[in-house]
Amino acid sequence: MKKTVAVLGTFDTKGQEFQYLMECLRDFQISVVTIDVGTGDPVSVVPDYRAAESPACRCTKRPPKEEWMEMLAREAASYLEKLIGRREVDGVISMGGGQGTFLANRVFRTLPVGMPKVLMSTLALLKDSAEQFLGLNDTMVINSLVDIAGLNKILKMNIRKAAAAMAGMAGCGPQTAEGSDRPAVGISCWGVTTPCVEAVRRVLERHGYEVYIFHANGEGGAMLERFARDGLLKGVADITLSEVTMPLAGSYQDAVPERLTCAGKAGIPQVVVPGGVDMVLRHKEELSALSKRKVYRHTPEVVFVRSSKEENVRFAKVIAEKLNRASGDITVLIPQKGLSMADRPGGPLYEPETDRVLFKTLKDQLLPQIKVLEMDCHITDTRFGETAAEILIEKMKEEEKKNDR
């Protein structure tokens, strides 16, 4: 059956270029639905849907440009959601510079994981433009090499490649990973908590679970929360909470506002471990002002300092506040002998008295219905990870029995 792709773009400024993209898609036997998110009147393309003419936009006095763009993106995303719900599109493709990339980001981040998505952008490799691509989940991003401003040999070559990539993905349909019929569990991971994560993973897989491991680098935590929110997970083993805590201690890592909330809202069973809370990512240039803090150099460029007692009190209160709002079953599992590979006897960040401040504050702040289990071992000890997995499996099975009644 012939596939259909939604072409999303600013047809007021790049109509000619999008017209060529549509010709390429049709050459690959792909039908198109056009969605205009331009702030002005479209040129060269007569769109099937124009966000600016949606009821919400027509009934509103045009706000400042940034708010207007956000509104256009919301309307386009809502329209696409309906098309996807009716199975009328098999993929989405867009291209643009700063404004086009911004609008595509706002729309693409709402699309389902597995839905083919392609974005060609002039910002793809710019050093200071990474923020433009945050939240794009499984979008294929292609560098346009030249500006998307007038057709030329290089741009036409790259547009055709983008169309070919989309045609190939759309031909396969929304992708479902092999083994996805198994119940899935999400795990947060960092290099310094990897031994624990591996122990958890082995037990879960032995019991027939599909395991998704998310790197706790900001984007990974955001994706873990999205998977939980979208109903893709039966349980969460949140082994690494550094994305929650580091922004509270002056780290340059950006906060992930939803972190440690979506599984709780969805009522998904969780085992939560304060892994990685012993360290805070800082710039090398800051070390002289932090000379009293212990230092861990993960690589020559990636430097951490030991979290302080005062910071650990702050960390514990925020963690408890987030978990106390959860509706699902939660067990907080505490490794009394250290929270990372760097926080152990002989390790560069070993400070058991500081860890104890975290543990005590957590126990004081958590609601009585949240079970806290302390184990006399290190986070990397195999039995700790295996215990975390066994507790989570037990809770997921209890939840499954409840749902079967």
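Residues are numbered from 1 along each chain as its sequence is written. In this predicted model, local features need pLDDT of at least 70 and side-chain atom pairs count only at pLDDT 80 or more, while totals for chains, interfaces and linings use all residues; side-chain values use heavy atoms, with hydrogens and water left out.

Helices (H or I, at least four residues) and strands (E, at least two) are DSSP runs, numbered from the N terminus. Two packed helices are described by the angle between their axes and the distance between the axes. Helix H3 (residues 65–85) packs with helix H4 (residues 98–108) at an angle of about 45 degrees, and their axes lie 8 Å apart. Axes here are lines fitted to C-alpha atoms, for helices over the stretch in contact, and angles run from 0 to 180 degrees between N-to-C directions. H3 and H4 are therefore oblique to each other (angles under 35 degrees count as roughly parallel, over 145 as roughly antiparallel, 65 to 115 as roughly perpendicular and the rest as oblique). On the H3 side, Lys 65, Met 69, Glu 70, Ala 73, Ala 76, Ala 77 and Leu 80 meet Gln 99, Phe 102, Leu 103, Arg 106 and Val 107 of H4, where contact means heavy atoms within 4.5 Å. The contact of H3 with H4 comprises 8 nonpolar, 1 polar and 3 charged residues. In this classification, Ala, Val, Leu, Ile, Met, Phe, Trp, Tyr, Cys and Pro count as nonpolar, Asp, Glu, Lys and Arg as charged, and the others, Gly among them, as polar.

H4 is mostly covered, with 8 of its 11 residues buried; buried means under 20% relative accessible area, exposed over 50%, and partly exposed in between (1.4 Å probe, protein chains only). The buried residues of H4 include Gly 100, Phe 102, Leu 103, Val 107 and Phe 108. Those buried residues pack against E1, H3, strand E4 (91–96) and strand E5 (117–121).

The largest nonpolar core has 33 residues, and those with the most contacts inside it are Leu 8, Ile 35, Leu 80, Leu 83, Val 92, Val 107 and Phe 108. A nonpolar core is a set of buried Ala, Val, Leu, Ile, Met, Phe, Trp, Tyr and Cys residues joined through side-chain atoms within 4.5 Å. Strand E1 (3–9), strand E2 (30–36), H3 and H4 each supply at least two residues of this core, and H3 gives the most, with 11 residues. Val 107 touches Leu 8, Ala 73, Ala 76, Ala 77 and Leu 80, residues up to four places away in sequence not being counted.

Among the residues in contact are Cys 196, Val 200 and Val 203 in H6 and Phe 384, Ala 388 and Ile 393 in H12. By class, this contact has 10 nonpolar, 2 polar and 3 charged residues.

Two further residues were examined individually. Arg 226 lies in helix H7 (residues 219–229) and is buried, with a relative accessible area of 7%. Not counting residues up to four places away in sequence, Arg 226 touches Arg 109, Thr 110, Leu 111, Pro 112, Val 113 and Asn 137. Val 372, in strand E15 (residues 371–375), is partly exposed, with a relative accessible area of 29%.
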